[in-house]
Amino acid sequence: MFIPKPVSRLLYSAAVFCLFAVFTHVPATAAEPAEPFSGWLEKLRLEAVGQGISPEFLDLALTGLKPIKRVVELDRRQPEFTLTFWRYLNNAINDKRIRRGQEMLARHGKLLKKIEGKYGVPPRFIAAFWGLETNYGQYTGVFPVIGAVATLAHDGRRGSFFRSQLMAALKIMSRGDVNHRVKGSWAGAMGNFQFIPTTYKDFAVDGDGDGKRDMWNSYPDMFASAANYLSRSGWRRGWTWGREVRLPKGFKLELTGLGVRKPLSSWRALGVQRMDGKSLPDLAEEASIVLPAGYNGPAFLVYKNFRTILTWNRSILYAVAVGHLADRLVGAPPFKSKRPSVEVPLSRNDIKDMQRLLTARGFDTGGSDGVAGPQTRSAIRAYQKKSLLPADGYPNMGLLERLRIKTR
Ligand code: CA
């Protein structure tokens, strides 16, 4: 759900552990916790009372609380390899997940239609988020939310972020939305749609009118909450997310990326086509073209709602997966582009190396943290342009080898 800039939503996904070039690295600012947990907790309790949370509830929720070692381990864990587009997609979307999603759409169709009427988000998208976040409620997490979030708030590496998560969780629980012993992901993401506590506090909705916002057990609550979040993040009623497209020969790659927006009519005039060879509609609606696997991979024309999906999770791969799963749930075929026979994933050290080499050649990547974020991507693009390579900003092994050879 909505995360302040330095922390990626990806950290919260219980179902899909993936890191990719769009992942924004969390700066490791503070180091070890400065004080013992118990003293820290006592101060936190006072702050919570100051924010209007009842002492009786805090006694219930905080007494005997201990840090959870495993949570710190999981927070420190750095995946060794980035996932390629196709590997990500195949993890996220398979026949089983599509079938189950279709069952869910059938079972909850009436309710989801009603929610679409109110919030403008079609049932297939709600189901797709649900499928990707928790496999339709199958994995909502095994860590006590208060304990997990308190551990990370005390830990210090991202202390202030998790401190506000903890306050939000205490508020949600003290007002009786959910029990204080409720479980979630290791980072405190909650319920069927894995809302982090601040998102839960601000966007969850009581869909069934019983006075509580229950994202675990109430379908009206959880679906309305997801729809409300999307609607308030700018979801455009009556529109979809985007589509796979075919780019004409010689298409200028500097026109790709979310930084370039053009009306559909302009893309049509530039020769961008639907995969079936039909022309795009002659409309003023703005769209961008993204190439999540580089210029050799599939191209997607994406609309405003794609950007709304990115407020939920800032990964381009996640957003494509949500859109595609939504379409597959209502019978759309798989993407027409084919997975290449060889895909070489880059390790963190590969990306670090690439960042170092680019920076040494005057293309500033803003440090070498092993994560290909936006600045690294634009450095790659600038390097490619200067070297007369297809400027897609995509980090791959070929590019790294080229940089290594040229530097020797
Ligand atoms: Ca309710």
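Author: We begin with burial: a residue is buried under 20% relative accessible area, exposed over 50%, and partly exposed in between, with a 1.4 Å probe and protein chains only. Tryptophan 267, with a relative accessible area of 0%, is therefore buried. Please note that this is a predicted model, in which local features need pLDDT of at least 70 and side-chain atom pairs count only at pLDDT 80 or more, while totals for chains, interfaces and linings use all residues. Residues are numbered from 1 along each chain as its sequence is written, and side-chain values use heavy atoms, with hydrogens and water left out.

Reader: Where is tryptophan 267 placed, and which residues does tryptophan 267 touch?

Author: Helices (H or I, at least four residues) and strands (E, at least two) are DSSP runs, numbered from the N terminus. Tryptophan 267 belongs to helix α12, residues 264-269. Contact means heavy atoms within 4.5 Å. Leaving aside residues up to four places away in sequence, tryptophan 267 touches Phe251, Leu255, Val260, Lys262, Val272, Leu280, Ala287, Ser288, Ile289 and Leu301. Between tryptophan 267 and serine 279, twelve residues apart in sequence, the C-alpha to C-alpha distance is 9.7 Å.

Reader: Which residues of helix α4 are buried?

Author: In α4 (residues 85-92), the buried residues are Phe85, Trp86, Tyr88, Leu89 and Ala92. They cover an arc of only 160° around the axis, which puts them on the same side of α4. These buried residues pack against α5 (95-107), α7 (123-134), β7 (299-302) and α14 (316-329).

Reader: How does one read a metal site? Which residues coordinate the calcium ion?

Author: Donors are N, O and S atoms within 2.8 Å of the metal (3.2 Å for Na, K and Ca); water is not among the atoms, so sites may look incomplete. Here the calcium ion is coordinated at 2.2 to 2.7 Å by Asp206 (OD), Asp208 (OD), Asp210 (OD), Lys212 (O), Asp221 (OD) and Asp221 (OD). The donor residues follow the sequence spacing D-x1-D-x1-D-x1-K-x8-D. Aspartate 208 counts as partly exposed because its relative accessibility is 36%, and lysine 212 counts as partly exposed at 41%.

Reader: Why is the arrangement around the calcium ion irregular?

Author: Four donors count as tetrahedral if all angles lie between 85 and 135 degrees; four count as square planar and six as octahedral if opposite donors are over 155 degrees apart and all others between 65 and 115; anything else is irregular. The six donor atoms around the calcium ion subtend angles of 52 to 162°, which makes the arrangement irregular.

Reader: How many aromatic pairs are there?

Author: Rings of Phe, Tyr and Trp (its six-membered ring) pair if their centres lie within 6.5 Å; planes under 30 degrees apart count as stacked, over 60 as edge-to-face and the rest as tilted. The count comes to 25 aromatic pairs. One of them joins tryptophan 130 and phenylalanine 223, edge-to-face at 5.2 Å centre to centre with 75° between the planes. This pair links distant parts of the chain, since tryptophan 130 is in helix α7 and phenylalanine 223 in helix α11 (residues 219-232), 93 residues apart. Both tryptophan 130 and phenylalanine 223 are buried.

Technical notes. Arc of directions from axis to C-beta.
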